[in-house]
Amino acid sequence: MPTSSQLFAQACTLIPGGVNSPVRACQHVDSQPLFIACGQGSHLQDVDGRDYVDFVLSWGPMILGHAQASVTRAVCAAAARGASYGAPCPDEVALARELVQALPGVDMVRMVNSGTEATMSALRLARAVTGRDKVLKFTGCYHGHADAFLAAAGSGLATLSLPGTPGVPAAVVADTLLAPYNDLAAVEAIFDRQGQDIAAVIVEPVAANMGLVPPIDGFLRGLRELTAAHGSLLIFDEVITGFRVAFGGAQERFGIDPDLTTLGKIIGGGLPVGAFGGKRSFMERIAPQGDVYQAGTLSGNPLAMAAGLATVRLLATSPYAALEARTARFAQELQAVLAAKGVPVQVPALASMFCVFFSEDPVCNYADATHCDQKLFTTFYKQMRAKGIYLAPSGYETGMVSFVHSDDDFTRALDAARAVRF
Ligand code: KE4
């Protein structure tokens with residue numbers, strides 16, 4: 001088996017940057033990507049035979065851990081029945097029913113193949129329903145790579161310090177309005193000026209693409225009231241938070257009733273699935289029932305539906321409160337270990353997510369996140385990885401904990417952190 005380094009050299013001659021998604025490239029942390037041979041539970045093994053405790057979990061989907069037995073069985077059984085039909089299959093109905101029953105704000109749902117497809121489709125629907133063009137998003141939030149959302153986005157764009165991207169027409173971005181996350185006054189001022197033109201506000205109800213930035217009290221409720229008052233739709237982008245911050249997502253945890261919800265990651269159990277859903281009156285506008293076109297060859301793919309269905313059904317009885325408590329304890333201990341080294345550090349946690357900001361002060365928005373010490377983050381990342389702790393290779397991403405991370409995993413991560421030299 002070639003080494004990660006050999007594979008990366010080969011990949012770089014065949015694939016832009018040697019990776020199929022930029023943030024995996026590890027450029028931002030002065031490293032090369034590891035090529036993974038397999039995953040099991042909370043662990044990954046790279047092609048060089050090294051074992052890692054995985055706190056990335058494929059950027060969120062693997063909340064039950066890698067190669068979970070029931071999910072694997074379901075996918076293998078589905079594969080034996082054929083990989084794709086391009087026609088409806090029973091599991092599409094079963095997974096749609098699970099999502100509708102779990103998510104308070106979702107009466108109907110359409111499956112797609114990625115979070116990007118989900119958010120771009122939800123925006124098209126909001127524009128059709130309202131007859132308006134403008135969308136308001138928050139700096140540092142990431143909603144996939146559709147043109148409209150590539151303004152001041154988080155995740156890979158923040159990681160690579162790309163304010164936007166060439167190829168996106170100015171006219172498209174002109175319809176994208178920006179406000180700082182957690183700044184309701186800024187949103188109110190925009191609505192006062194342009195409320196009648198705004199089709200939707202799209203928000204990560206817990207921001208996780210500028211590091212982990214929870215909503216301050218009243219922020220989400222304020223967005224709900226402002227959008228309702230101006231006839232705009234509120235889109236909760238729950239691609240990360242869906243089935244992670246609660247079984248019913250952020251809309252259950254915070255008791256907010258969004259008009260549309262976008263989903264991905266966990267609902268596919270590791271296979272390519274996204275979805276958008278919401279109030280029946282809106283969703284009935286989607287073709288072929290309505291006039292808003294949206295389509296996909298592999299939407300509702302039987303293997304992906306089998307993986308998502310097995311995952312969601314297991315999550316329905318999983319101990320979310322216990323997972324949140326374990327994550328909170330780990331984050332507190334990690335903060336203490338790092339602070340004892342005399343570096344400025346914040347380790348916020350929410351549900352089964354955490355992140356490490358090298359900052360004197362708490363991070364409440366993207367401007368705060370950009371003031372964190374990325375050199376310290378690089379030092380931290382490299383030494384943790386050398387000790388077998390697999391973290392997201394960016395200070396603008398969020399650590400993920402699964403239901404199968406063990407006490408030993410947390411101990412190993414804390415021991416590695418104790419050994420870090422800044
Ligand atoms: P995908 O198109 O990558 O499936 O989903 C886009 C998306 C939409 N909304 C939110 C809130 C998201 O976090 C994402 C994608 N998340 C990033 C990681 N933070 C994907 C990682 C990558 O780009 O490789």
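**Domains.** I started with the spacing of the two domains: the C-alpha centres of domain 1 and domain 2 are 27 Å apart. This is a predicted model, so I'm reading every distance as computed. For the bounds I went to the domain assignment, which puts domain 1 at 69-315. Domain 2 comes in two pieces there, 319-346 and 357-390. Then I looked up who takes part in the contact: domain 1 puts in 15 residues, and domain 2 puts in eight.

**Ligand site.** Next I checked where the ligand is, and it sits in the largest pocket. I found 17 residues around the ligand. Ser21, Thr116, Asn209, Asp237 and Glu397 come nearest. Sorting the shell by type gave me five nonpolar, eight polar and four charged residues.

Which ligand atom does Asn209 reach with a polar side-chain atom? I got a nitrogen atom, at 2.5 Å. For Ser21 I looked at the side chain too, and one of its N or O atoms is 2.6 Å from an oxygen atom of the ligand. Thr116 also has a polar side-chain atom by a ligand oxygen, and I noted 2.7 Å for that pair.

**Cover.** Last, I asked how much of the ligand the protein covers.

Terms used
Residues are numbered from 1 along each chain as its sequence is written. This is a predicted model: local features need pLDDT of at least 70, side-chain atom pairs count only at pLDDT 80 or more; totals for chains, interfaces and linings use all residues. Side-chain values use heavy atoms; hydrogens and water are left out. A residue is near a molecule or strand if one of its heavy atoms lies within 4 Å of it. A polar contact is a pair of N or O atoms within 3.5 Å; within protein, one must be able to donate a hydrogen and the other to accept it, and residues adjacent in sequence count only if both atoms are side-chain atoms. Accessible areas come from the Shrake-Rupley method with a 1.4 Å probe; for residues, only the protein chains shown count as cover. On a 1 Å grid over the protein atoms alone, a cavity is a set of points where a 1.4 Å probe fits but cannot get out, and a pocket is an open set with protein on both sides within 12 Å along at least five of seven lines; lining residues have an atom within 4 Å of a point. A molecule sits in a cavity or pocket if more than half of its atoms lie within 2 Å of its grid points. Ala, Val, Leu, Ile, Met, Phe, Trp, Tyr, Cys and Pro count as nonpolar, Asp, Glu, Lys and Arg as charged, and the others, Gly among them, as polar. Domain bounds come from an automatic or database domain assignment. Contact means heavy atoms within 4.5 Å.
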